[in-house]
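Visitor: Please take a close look at the aromatic residues of this model and at what surrounds them. I would like one connected account, with the cut-offs given.

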Amino acid sequence: AMEEQCESSLEVPDFSATAEPLEGSWIDDAAAIFHRYGFCILLNALGGQEIADVLQTCLEVEAEMLLLDPDRLGCRDAGRYSFGAAAKSGHMLHHPAWQHLLQSTPVLMVLKKIF
């Protein structure tokens, strides 16, 4: 079910770092991935329910965006969309699930390194 909905051709290991409980090289790895590609998948940054909440919100926002774009023209290229462009505010923080990211110590550690 959930795995089927989220199938991707993205080579996750190439774009991810695994968060560890303590500071370590994973923070530098995550920052380097971000600087190279503009994003990084941070494994182990959220717990199971938090992940489910964020995924559900993503799926709901995706459905709303696709209703507005029946021809799938996208906002970044054909079929490509930005969550930043999905809201007038330019961000997703008004969705409660997005707040999980700002309460995640690993996410905050990597953001501190990046910025």
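Guide: Buried means under 20% relative accessible area, exposed over 50%, and partly exposed in between, with a 1.4 Å probe and protein chains only. This is a predicted model, in which local features need pLDDT of at least 70 and side-chain atom pairs count only at pLDDT 80 or more, while totals for chains, interfaces and linings use all residues. Residues are numbered from 1 along each chain as its sequence is written, and side-chain values use heavy atoms, with hydrogens and water left out.

With a relative accessible area of 36%, Tyr37 is partly exposed. Tyr37 lies in helix H2, which spans 25-37; helices (H or I, at least four residues) and strands (E, at least two) are DSSP runs, numbered from the N terminus.

A pair of aromatic rings is described by the distance of the centres and the angle of the planes. Rings of Phe, Tyr and Trp (its six-membered ring) pair if their centres lie within 6.5 Å; planes under 30 degrees apart count as stacked, over 60 as edge-to-face and the rest as tilted. The whole structure contains 3 aromatic pairs. In one of them, Phe15 and Tyr37 have ring centres 4.6 Å apart and planes at 65 degrees, so the pair is edge-to-face. This pair links distant parts of the chain, 22 residues apart: Phe15 is in the loop between helix H1 (2-5) and strand S1 (16-18), and Tyr37 is in helix H2. Phe15 is buried, at 15% relative accessible area. Together with Phe39, Phe15 and Tyr37 form one aromatic cluster.

Phe34 and Phe115 also form an edge-to-face pair, with 6.2 Å from centre to centre and 65 degrees between the planes. Phe34 lies in helix H2 and Phe115 in the segment after H5, so this pair ties together parts that are 81 residues apart in sequence. Phe34 is partly exposed at 26% relative accessibility, whereas Phe115 is exposed at 73%.

Tyr37 and Phe39 also belong to a nonpolar surface patch of about 370 Å², made with Leu10, Val12 and Leu43. Like charges are joined within 9 Å, and nonpolar side chains (Val, Leu, Ile, Met, Phe, Trp, Tyr) within 5 Å. Accessible areas come from the Shrake-Rupley method with a 1.4 Å probe, and for residues only the protein chains shown count as cover.

A nonpolar core is a set of buried Ala, Val, Leu, Ile, Met, Phe, Trp, Tyr and Cys residues joined through side-chain atoms within 4.5 Å. The largest one has 13 residues, and those with the most contacts inside it are Ala17, Trp26, Ala30, Leu42 and Val110. Helix H2 and helix H5 (105-114) are the elements that give two or more residues to this core, and H2 gives the most, with 5 residues. Contact means heavy atoms within 4.5 Å. Leaving aside neighbours within four places in sequence, Val110 is in contact with Trp26, Ile27, Ala30, Ala31 and Leu42. Apart from this core lies another, of 8 residues, among them Val54, Met92, Ala97 and Trp98.

Definitions and conventions. Patches are made of residues with over 30% relative accessible area and no salt bridge: like charges are joined within 9 Å, nonpolar side chains (Val, Leu, Ile, Met, Phe, Trp, Tyr) within 5 Å. A salt bridge is a side-chain nitrogen of Lys or Arg within 4 Å of a carboxyl oxygen of Asp or Glu.
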